[in-house]
Amino acid sequence: MTTADDVNRALADAHRHEWAKVLAATVRVAGDLDLAQECAQDAYLSALETWRRDGIPRNPGAWLTTAARRKALDSHRRAAALRARLPLLIEPTGNSHLQRYGDESPSPETQLTEMDEIPDDRLRLVFTCCHPALAREAQVALTLRLVCGLTTEQIAHAFLVSESTMAARVTRAKKKISGARIPYRVPEAHELPERLDPVLSAVHLVFTAGHTAPTGDTLVRPDLVDRAIELCRVLAELMPDEREVRGLLALMIITDARRATRVDDAGQLVLLEDQDRSCWDRETIEQGRLMVLEALRGGRPGRFVIQAAIASLHAEAPTFADTDWGQAVELYDLLLEAWPSPVVALNRIVAVGFRSGPEAGLAALDELEAEAGRTLSTYHYLPAARADFLRRLGREEAAAASYRRALALVENDVERAFLERRLAEVRQ
Amino acid sequence: MAQYVVLIYENESDYASASPEVYGEVMDAHNRFTEEVVARGGKIAGGNALQGTDTATSIRGDVVTDGPFVETKEALGGFYLIEADDLDQAIKIAGMVPARFGGVEVRPVMVFPEA
């Protein structure tokens, strides 16, 4: 006997793990993102009723996909006359090297009869959501909405905008996909480097939004962190040869393995330096380390692989003092080459400060401020880094001034509290 | 197939100060672009270069004024009407359009439902 609880649990589980698959496979039949979304939602609704009556199917994902695709097909039959005016999603016939990860089935009709062979179109969905012709914030919103199945309300809450703003953002992006004919396809091999980057950036942005919530009173939003890691695992499974995907996954799991120690019981920020390393998730760190080693093989590493290598280096050090700062600086040099940005330069300088002392760090910081001070003018980590060097040099007054500058820019309450504590320390 | 307009925005003052050689290079580049698109199986359905914004007249309601509708450093100076399967192909073709003093914008042509 299947209880209502069993069904609810199974459905919640299927929503979490199968939503992207169900939707992605339905898009090809529906030819339209909105219709596909509606049919997928309908399928989950009818599952609630049917599963309670007939029991939970052996393969809930397949059941839901078939139901959603049937609904899409029915809707097209009903609207056959109107169909011509629907701006259908473009599905090119060209072969992509990545299509071996998916499944090129001939027609929706035959696909529906082959219950066991449900195409895995999640990559198409992801690459469409993260098409470079869409704004970065729209890419992230679409990915969370369509691939991760989050509600508009949840996404709005995560990025601290109103629900109507987020709804408008998603609608506008969908309109552009159909209006400008952004194709529903996986890029070809030669396009992949430039097309993969926005996908990984979007996933990383979801992660960082969760890891250090941009504003608000908690440092971590675990829901976003988990979603980002889950999605990246799927991407790694679907594109096993892409080293940057592995790199991003390794970066995220290693960073997240320290989650429990980043804030203390009172919710206060704890620096890497002071974190209780015995509470880090060693097993995950080791998994990440192996992933990094594998991804480093085979030519020049990309930015995510290098960042993962840096994260791994920190995670492996038995104590903060034992960190191999020389190697950290070398990795940051590599990262600057792969991904030149003032933010990376700043992180490199922090490592220089630990390798060669705060005086050297301060000198490098002066250089960076002369070059990129304007770009970093709202970046609170810049005055915070300066303040820390000055504090370590015992120049309390100058340090206090820099902490104040950082405080004027910081938006996260937990980080603000940390800077305030440091300011109080140097003023004693 | 769908139609897209590629709008070419360039800095007019760069053209004003350009040598005849540069003009020649630009003309050659446009001719080569046309050939290249055809060679790649694409289609150009139309296009033109426009005279400078100093020849433009704007009309809003009853008011006629001298000059372009919006004053910008990089002004609309020409366009192509192209045909492409999807935005990816359109972006590929648009990326080949010569615009050494600026850049281009791609806009899908509106398709109205048949009555």
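Contact here means heavy atoms within 4.5 Å. The structure is a predicted model, and the exercises below take its two chains in turn.

**Exercise 1. Overall make-up of chain A**

Task: State how many helices and strands chain A has, what share of its residues counts as buried, and what share of its contacts with a separation of 6 or more comes from residues 24 or more positions apart.

Solution. 
- Step 1. Chain A holds 19 helices and zero strands.
- Step 2. Buried residues are those under 20% relative accessible area; in chain A they come to 52% of 428 residues.
- Step 3. Among the chain A contacts with a separation of 6 or more, 68% join residues 24 or more positions apart.

**Exercise 2. The packing of α6 and α9 in chain A**

Task: Classify the packing of α6(A) and α9(A) by angle, and list the residues that meet.

Solution. 
- Step 1. The two helices, residues 136–147 and residues 192–211, pack at about 75 degrees with axes 9 Å apart.
- Step 2. Angles of 65 to 115 degrees count as roughly perpendicular, and therefore α6(A) is roughly perpendicular to α9(A).
- Step 3. From α6(A), A:Arg136, A:Gln139, A:Val140 and A:Leu144 take part; from α9(A), they meet A:Pro198, A:Ser201, A:Ala202, A:Leu205 and A:Val206.
- Step 4. By class, this contact has six nonpolar, two polar and one charged residues.

**Exercise 3. The setting of A:Arg348**

Task: Is A:Arg348 buried, partly exposed or exposed, and which residues beyond four places in sequence does A:Arg348 contact?

Solution. 
- Step 1. A:Arg348 sits in helix α15 of chain A.
- Step 2. Its relative accessibility is 22%, so A:Arg348 counts as partly exposed.
- Step 3. Beyond its neighbours within four places, A:Arg348 is in contact with A:Val329, A:Tyr332, A:Asp333 and A:Leu336.
- Step 4. A:Val329 is 19 residues away from A:Arg348 in sequence, with 6.0 Å between their C-alpha atoms.

**Exercise 4. The sheet of chain B**

Task: Give the order of the elements in chain B, then the order of strands in its four-stranded open sheet, and explain why β2(B) and β6(B) each have one side without a neighbour.

Solution. 
- Step 1. Chain B has three helices and six strands, which follow one another as β-α-α-β-β-β-β-α-β from the N terminus.
- Step 2. Of its 115 residues, 30% are buried. The C-alpha atoms fill a box of roughly 45 × 40 × 20 Å along the principal axes.
- Step 3. The open sheet has the order β2-β5-β1-β6, with antiparallel pairing.
- Step 4. β2 (43–49) and β6 (102–108) stand at the edges with a single partner strand each, so one side of each lacks a neighbour in the sheet. The twist averages 20 degrees from one strand to the next.
- Step 5. Strand β1(B), residues 2–11, is joined to β6(B) by seven bridges; B:Leu7 has B:Glu105 in β6(B) as its bridge partner.
- Step 6. Helix α2(B), residues 20–39, lies across β1, β2 and β5 (74–84), and runs at about 165 degrees to β2(B).

**Exercise 5. The hairpin of chain B**

Task: Describe how β3(B) and β4(B) pair, and find the residue with a positive phi in their hairpin.

Solution. 
- Step 1. Strands β3(B), residues 57–60, and β4(B), residues 63–66, pair in the antiparallel sense over four bridges.
- Step 2. B:Arg60 stands opposite B:Val63, and B:Thr57 has B:Asp66 as its bridge partner.
- Step 3. Two residues lie between the strands, and B:Gly61 takes a positive phi near 65 degrees.

Terms used: Residues numbered from 1 in each chain as written. Chains lettered and ligands numbered in written order. Predicted model: local features only at pLDDT ≥ 70, side-chain atom pairs only at ≥ 80, totals over all residues. Heavy atoms only, no water. Axes fitted to C-alpha atoms, helices over the stretch in contact; angles between N-to-C directions. Parallel < 35°, antiparallel > 145°, perpendicular 65-115°, else oblique. Nonpolar A, V, L, I, M, F, W, Y, C, P; charged D, E, K, R; others polar. Pairing = 2+ DSSP bridges. Buried < 20%, exposed > 50% of the residue type's maximum accessible area, 1.4 Å probe, protein only.
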